Amino acid sequence: MTTRYTNDEWARIIAEVEEDIVVSQETHPIPDIGSPALAKTIDHTLLKLDAKAVQFDDLCAEARVDGFATVCVRPYVVAKCVSDLRGTDIKVACVIGFHEGTYDLYHKMQETKQALAAGAAELDIVLNYPELKVGDYSSVYNELATLRQQAAHPVLLKLIIETSQLDRSQIIAACAMAAAANFDFVKTSTGFNGQGATVENVRLMAACCKRLVTGSSHGRRMQVKASGGIKTIEDATAMLEAGATRLGTSSGVWIVKEGKQSVERSLSPPSVHERRPSRPGLSTRLYTSY
Ligand SMILES: O=C[C@H](O)COP(=O)(O)O
């Protein structure tokens, strides 16, 4: 695989991108609250290492009921989820190099091979962000381009850049690397390392995606997936309004339920005796501790 440019050449390319970045404060249009289109922005996620088989059955059942975009899981459970979701339009997304990102390329290629063979349609790959932070852009590009070659379109590739570990310039550099390697999404966070998605970072990443399309010959714009700490309908709408088009969350069931309830309330306001429903208990298969 070619490295294309030296680290210094990559640094100049990234600096040019950074000079052009204008972060917009616009509110992006979003699907109607409570609509199937809003549920279709959600990757219904279960990445806990101690998750039991029955929890993946429930995850897939919930995805079928609510009509999520994908279930997002680790490689060892892709085949099971593909089988559970057969006959639906819900895809299986698989994390690669999770959650440190520092696994070597061989390890990431092995996981990619395993996930694709099992039927994954989308891969959420953790960036080797320590390499990016020290300016080893050639190595970062080599890894991403190799994985893109291994997982060609229509497989969707998302690069998890772990924004909590990066400053503004490094977030821009990560987006530039993802675009150069022809990824489909940049994703904020693993949810396992520091702060998750923030509105500010989603806006910055959306601005990068806008700028980077103008520099590409194929004219296809990368999209932003916000993930980590998205627990309520308010969190979800804030991320979408900031420019995300996909959400990674372990609270998808609750978010959809809250959205539907808020629509019902706006159609028939509750009497003074009716309380806002409390958050459901663990029996509803929510996976985030709160
Ligand atoms: O990509 C997904 C994240 O791991 C989900 O994080 P969460 O449990 O905070 O929703």
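E162 is buried in this predicted model, with 27 other C-beta atoms within 10 Å. Although E162 is not a glycine, its phi is positive, at about 55°. The residue sits in the loop between β5 and α8.

**Backbone geometry**
- N182, another residue other than glycine, has a positive phi near 65°.
- N182 is located in the loop between α8 and β6 (185–187).
- N182 counts as partly exposed because it has 17 C-beta neighbours inside 10 Å, whereas a buried residue needs 20 or more.
- E162, with 27 such atoms within 10 Å, is therefore on the buried side of that cut-off.
- A cis peptide bond links F98 to H99, with omega near 0°.
- H99 belongs to the loop between β3 (91–96) and α5 (105–118).
- The peptide bond from H153 to P154 is also cis, with omega near 15°.
- P154 falls in the loop between α7 (137–150) and β5 (156–160).

- Eleven helices and eight strands are found in the protein chain.
- Eight strands form a closed barrel with parallel pairing, in the order β1-β2-β3-β4-β5-β6-β7-β8.
- On average, neighbouring strands of this sheet are turned by 25° against each other, with direction ignored.
- Strand β1 (residues 42–45) and strand β8 (residues 246–249) run parallel and are joined by three bridges.
- H44 has T249 in β8 as its bridge partner.
- Of the contacts in the protein chain between residues at least 6 apart in sequence, 73% join residues at least 24 apart.

- Of the 290 residues in the protein chain, 43% are buried.
- The largest nonpolar core contains 81 residues, and those with the most contacts inside it are L159, A174, C175, M177, A178 and V186.
- Helix α8 (residues 168–180) contributes the most to this core, giving ten residues.
- Beyond its neighbours within four places in sequence, V186 is in contact with L159, I161, A174, C175, A178, M205, C209, M222 and V224.

**Ligand shell**
- There are 15 residues around the ligand, and G191, S227, G248, T249 and S250 come nearest.
- T249, one of these nearest residues, is the bridge partner of H44.
- The shell is made up of twelve polar and three nonpolar residues, with no charged residues.

Methods
Residues numbered from 1 in each chain as written. Predicted model: local features only at pLDDT ≥ 70, side-chain atom pairs only at ≥ 80, totals over all residues. Core = buried A, V, L, I, M, F, W, Y, C linked by C-beta atoms within 7 Å. Buried ≥ 20, exposed ≤ 12 C-beta atoms within 10 Å, placed from the backbone. Helix = DSSP H or I, 4+ residues; strand = E, 2+ residues; numbered from the N terminus. Contact = placed C-beta atoms within 7 Å. Near = placed C-beta within 6 Å. Nonpolar A, V, L, I, M, F, W, Y, C, P; charged D, E, K, R; others polar. Pairing = 2+ DSSP bridges. Axes fitted to C-alpha atoms, helices over the stretch in contact; angles between N-to-C directions.
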